[in-house]
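Good morning, and thank you for coming. Please look at the sequence and the structure while I speak.

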Amino acid sequence: MLESVLSGHSWPGGDPVRAAAVLGLPPDAGYVIVVADTRTAPGAGQPLFESALGIKGVVSAWRLTPALHTGLVAVPPGELDAVLDTLRQTATGPTGVSPPYHSLTGSPRALELARAAMASLRPGQAAVRVFESNPLDALLARAPGEAARLAHEVLGRLTGLPADDRAMLLDTLWAYVAHGGSADHAAKALHCHPNTVRYRLRRVQELTGRAFTSPWDVAELIMATQALRLNPDWQMLNVGSPAERLRA
């Protein structure tokens, strides 16, 4: 049932009130979607979130994938701040939260926004962020299929690297962008030598065919990298040709 609610596929009876009852959610609650990156502390996020919220009398339902813990949380009236405080006290990695919404039919959109909020945090950062309007994130979250196509088309062979190498290059690229195109500042954030950053960026250029001297290429790299950050599950794919990637 939770998978159907999050994906927007029809559920038995097609009635959001009935779906809430099946999931054990109170009928008078609002909802938020919570998305936590599990790659930082695998196995830690979901049980802690669910039990911590349960102690406060807050009902939630959760789904686990190799990259994400995704929760549908029923927020009692007037208790949003308390729910967010509990999430902040419990988070073990980057955690995004959607804005509140009032019908389960809004869950797929809320899931996209929670992913966008999570992607705005640094990899490994134990923090909780509620989605705030950002034009690029909103655009990518609105069309996840096109965002996936963009990411794989622009990043090319980089997406086929072993997971550790891929993450290292993407984190370096993001740090470089986040620090205004300064290899020195990115190196400080990554705790490595500036020449290491420059070497990794050259690898990004070689693997993607994009050049940091071209504003258009840089814009494409930023959008593609952010698209992957919005949906870490895509990074778990051992991708091959573009057609194979789209089928995956």
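I shall begin with the sheet, then turn to the helices, and end with a few single residues.

First, a word on the source. This is a predicted model, in which local features need pLDDT of at least 70 and side-chain atom pairs count only at pLDDT 80 or more, whereas totals for chains, interfaces and linings use all residues. Residues are numbered from 1 along each chain as its sequence is written, and side-chain values use heavy atoms, with hydrogens and water left out.

Let us start with the sheet. It is an open sheet of 5 strands in the order β2-β3-β1-β4-β5, with mixed pairing. Its edge strands are β2 and β5 (127–130), each of which pairs on one side only. On average, neighbouring strands of this sheet are turned by 20° against each other, direction ignored. Strands here are DSSP runs of E with at least two residues, helices are runs of H or I with at least four residues, and both are numbered from the N terminus. Two strands pair if DSSP finds at least two bridges between them.

Consider strand β3, residues 68–75. How many of its residues are buried? The count is 8 of 8, where buried means under 20% relative accessible area, exposed means over 50%, and partly exposed lies in between, with a 1.4 Å probe and protein chains only. Leu68, Thr70, Leu72 and Ala74 point one way from β3, while His69, Gly71, Val73 and Val75 point the other way, and all are buried.

Strand β3 has partners that we can follow residue by residue. It runs antiparallel to β1, and 8 bridges join the two. Glycine 30 has valine 75 in β3 as its bridge partner, and isoleucine 33 stands opposite leucine 72 in β3. Strand β2, residues 60–64, is also antiparallel to β3, with 5 bridges between them. Here leucine 64 has histidine 69 as its bridge partner in β3. β2 and β3 form a hairpin, with 3 residues between them.

What lies across these strands? Helix α5, residues 107–119, lies across β1, β2, β3, β4 (94–97) and β5, and runs at about 40° to β1. Such angles run from 0 to 180 degrees between N-to-C directions, and the axes are lines fitted to C-alpha atoms, for helices over the stretch in contact.

We now turn to helix α4, residues 80–90. Which of its residues are buried? They are Val83, Leu84, Thr86, Leu87 and Thr90. These residues lie on the same side of α4 because they cover an arc of only 160° around the axis, the arc being that of the directions from the helix axis to the C-beta atoms.

Next, two helix pairs. Helix α8 (residues 163–178) and helix α9 (residues 183–190) pack at an angle of about 125°, with their axes 8 Å apart. That angle makes α8 oblique to α9; under 35 degrees counts as roughly parallel, over 145 as roughly antiparallel, 65 to 115 as roughly perpendicular, and the rest as oblique. In this pair, Asp171, Thr172, Ala175 and Tyr176 of α8 meet Ala183, Ala186 and Leu190 of α9, contact being heavy atoms within 4.5 Å.

In the second pair, the axes of α9 and α10 come within 8 Å and cross at roughly 105°. Helix α9 is therefore roughly perpendicular to α10.

Arginine 198 belongs to α10, residues 194–208. It counts as partly exposed because its relative accessibility is 34%. Leaving aside its neighbours within four places in sequence, arginine 198 is in contact with Ala183 and Asp184.

Is aspartate 37 buried or exposed? Aspartate 37, in strand β1 (residues 30–37), is buried, because its relative accessible area is 10%. Beyond its neighbours within four places in sequence, aspartate 37 is in contact with Ala67, Leu68, Pro94 and Met118.

Leucine 155 is found in helix α7, residues 144–155. With 0% relative accessibility, leucine 155 counts as buried. Its contacts, apart from neighbours within four places in sequence, are Leu170, Leu207, Thr208, Leu221, Ala224, Thr225 and Leu228. The C-alpha atoms of leucine 155 and threonine 225 are separated by 8.0 Å, although the two residues are 70 residues apart along the chain.
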